[in-house]
Amino acid sequence: METHSISLSKFSPLSRPICRRRLGRVNSFKFKPFFFSTVITRQKYLFLPLNSPNLGIRCVANHDHHHHHEHDHDHPHHHHHHDSSELNGPQRAVIGFAKAIRWMDLANYLREHLQLCCCATALFIASAACPYLLPKPAVKPLQNSFLFVAFPLVGVSAALDAITDIAGGKVNIHVLMALAAFASVFMGNALEGGLLLSMFNLAHIAEEFFTSRSMVDVKELKENYPDSALVLNLDDDNLPNLSDLSYRSVPVHDVEVGSYILVGAGEAVPVDCEVFQGNATITIEHLTGEIKPLEAKVGDRIPGGARNLDGRMIVKVTKTWKESTLSRIVQLTEEAQLNKPKLQRWLDEFGERYSKVVVVLSVTIAVLGPFLFKWPFISTAVCRGSIYRALGLMVAASPCALAVAPLAYATAVSSCARKGILLKGGQVLDALASCHTVAFDKTGTLTTGGLMFKAIEPIYGHLAGNKKTNFTSCCIPSCEVEALAVAAAMEKGTTHPIGRAVVDHSIGKDLPSVSVESFEYFPGRGLIATLNSAESGTRGGKMLKASLGSVEFITSLCKSEDESRKIREAVNASSYGSDFVHAALSVNEKVTLIHLEDRPRPGVLDVVSELKDQAKLRLMMLTGDHKSSARRVANAVGINEVYCSLKPEDKLNHVKRISRDMGGGLIMVGEGINDAPALAAATVGIVLAHRASATAIAVADVLLLRDNILGVPFSIAKSRQTTSLVKQNVALALTCIILASLPSVLGFLPLWLTVLLHEGGTLLVCLNSVRALNDPSWSWGQDLWLLISKLKSKLTLPRHNTTSTSSTIRTAPL
């Protein structure tokens, strides 16, 4: 076998393919998404504790994989990327002609160089300044020279875009601006037409800059995703041979669960996995926004996409590429960007119709102005002409600022992602803002979900029962041990908190061997299994019929009502009381009670207080646990309205009923598979994604990637902030349109100043949208108080420094 040398820094975080952006004029900028800040660390070399000193690393195959990434940042107000599949006949003819005469190549070249647009703007400004700086004989020739050079730099691409849109029957901002600019040229105002186009281009470059700061660029995630993994070859025991590591390069899509992967320093973990050997420092900042590096050691689970900062480790694959964390984030984020809010969809439909109305009004003013208001058609030294006024209206009334009003949604989605909160679209923000009620699941949501095993107690059907007797146990080796063995066998591989607690408690204990023959699961209630135990009290290895779940589930399986009543009485008479979480286990009609302790999640008390006092929301708990356990947790966290002992269908019915009766939206917060129906039926479903079931994640609208319940009030406050900003944006856009349109039609404003006002309004809307990156607050009063506090701290600091300096000067002689 041929041996190859492969660098372990194959997927260096600092090396990226250079992508040719079609985002024309902003090519000189390097926009960097929030989740890929460069992390510089002191290089350390941590080697695996391998057995053989003569370690050989062999590569079975070395394949070169090439990335082909295409950036297509489509923006509705600036660039046109003409997809041939979407063009009609006339548009194809225009594009074909443009390509034939190299018009298309020239337009693309001018778009891709920001400096040319800046140069054209400088020439237009110099041309405008000539009459004030040069003698009269030199003004006209020099102005014409400047215009002759500058106008094609901004006019070539604008003309192509406008003609292509007109050929497709579209009237948008590009068409309006091009018509106004070229009409100005034909009217003898080439300088104003050129200034119009250059300012339009520069304003939208600035707009794209703010947009790029607010948008989550999923393609950057894909670029930093490794396209292959170093999969280790296994020995006869299906384990990697640590004395002689041989591996092969496998495409990341083909990596199978159970494979072992070698991850070196600087590499990205390709899929979700568990550390098998070695240790390293990793960062998941680009996944959850968590800045602090984490130490990964044997047994720790690592999400796909985590970056290994130093060290080297062998990891065992736990999920395929499609099911891994990073792949799921990319998919959900792409879907979120496609799911536009209702306002944005309406504005998209409204924009083109509105532009056609503006053209009709402009033509009407140009034609009827001289007859109704005695304006001249062409401008004179005394009065601006109707055509000039019509061009001003065409520019001032274009829907640029209105079209970017929903930018606040994208900014808010980005802001939430920085906090490890993934929203499935901007429409989720509207839904969150409309909700008046929040319903919490208990286990794993309000509580840690990490239940601790407290005790195991035989209560019914055992010889000993609750009596304080000393005769031999009816089970082998004892009732408690057999019950623990059966429960652990039934819950093996589960994700339910109770099942995990039982399995964790059984690890390392000397338990009888129990095998599960058949299995049936009832979501939110329990499970039934047929087991085989050679060491059980039944002779000859007879099959055991077992059921595990809530007390209500166990009693529902009883043959008689009398037996159900006795089991409930035994539960109520338990020596451990009713404060603990408990599950019941029935093995051949012998019932054992398993007691577990659940603690409130850190910070949940502050969350509940904030939602009640600041957000003014109605809070409730929906749980499948019994009344005493639910009440204990509810009292600890401050929730007064509690609904307990609920099956999944009961939670679903409660959510529907409350939404109907309250007349407002309802937010459901959960994480288990039994919460999935309620999450789907709620106005907004919020899931703590760290331990949530795949079903819950699929139906949820908001994913809290950091498993931090503080994300709930943040999401709600952010939704209210965003809807407020969008309303402000619409008001600003309409105000700017009116303030620019009326003076233009009345002849008070020159065309270039109209453009400046119009584009200033667009930039003002963009700047207001960027405010959605700030942390939200619940009221204007709170915002004002924070602003005053900041000002006080800034004013106090110089005084403190001055006092310290003078104190130092006075004490110097001593």
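By buried I mean under 20% relative accessible area, with exposed over 50% and partly exposed in between, using a 1.4 Å probe and protein chains only. Before I go on, this is a predicted model, so to speak: local features need pLDDT of at least 70, side-chain atom pairs count only at pLDDT 80 or more, and totals for chains, interfaces and linings use all residues. Residues are numbered from 1 along each chain as its sequence is written, and side-chain values use heavy atoms, with hydrogens and water left out.

Back to Ser355. It sits in helix 10, residues 342-373. Helices here are DSSP runs of H or I with at least four residues, strands are runs of E with at least two, and both are numbered from the N terminus. Leaving aside residues up to four places away in sequence, Ser355 touches Val171, Asn172, Leu176 and Pro399, where contact means heavy atoms within 4.5 Å.

Now, strand 15. How many of the residues of strand 15 are buried? Seven of the seven, residues 581-587, so the strand is largely enclosed by the rest of the structure. In a regular strand the side chains alternate between the two faces of the sheet. Here Val581, Ala583, Leu585 and Val587 are buried on one side, and His582, Ala584 and Ser586 are buried on the other.

What about its neighbours? Strand 14, residues 543-549, runs antiparallel to strand 15 and is joined to it by four bridges; pairing needs at least two DSSP bridges between two strands. Leu548 stands opposite Leu585 there. Strand 16, residues 590-597, is also antiparallel to strand 15, with seven bridges, and Val591 in strand 16 is the bridge partner of Ser586. Strands 15 and 16 make a hairpin with two residues between them, and Asn588 in the turn has a positive phi of about 50 degrees.

Just after helix 17, Gly508 takes a positive phi of about 85 degrees.

Last topic, the cores. A nonpolar core is a set of buried Ala, Val, Leu, Ile, Met, Phe, Trp, Tyr and Cys residues joined through side-chain atoms within 4.5 Å. The largest one has 45 residues, and Phe440, Leu611 and Val702 are among those with the most contacts inside it. Helix 25, residues 711-745, gives the largest share, six residues. A second, separate core of 36 residues includes Trp103 and Phe124.
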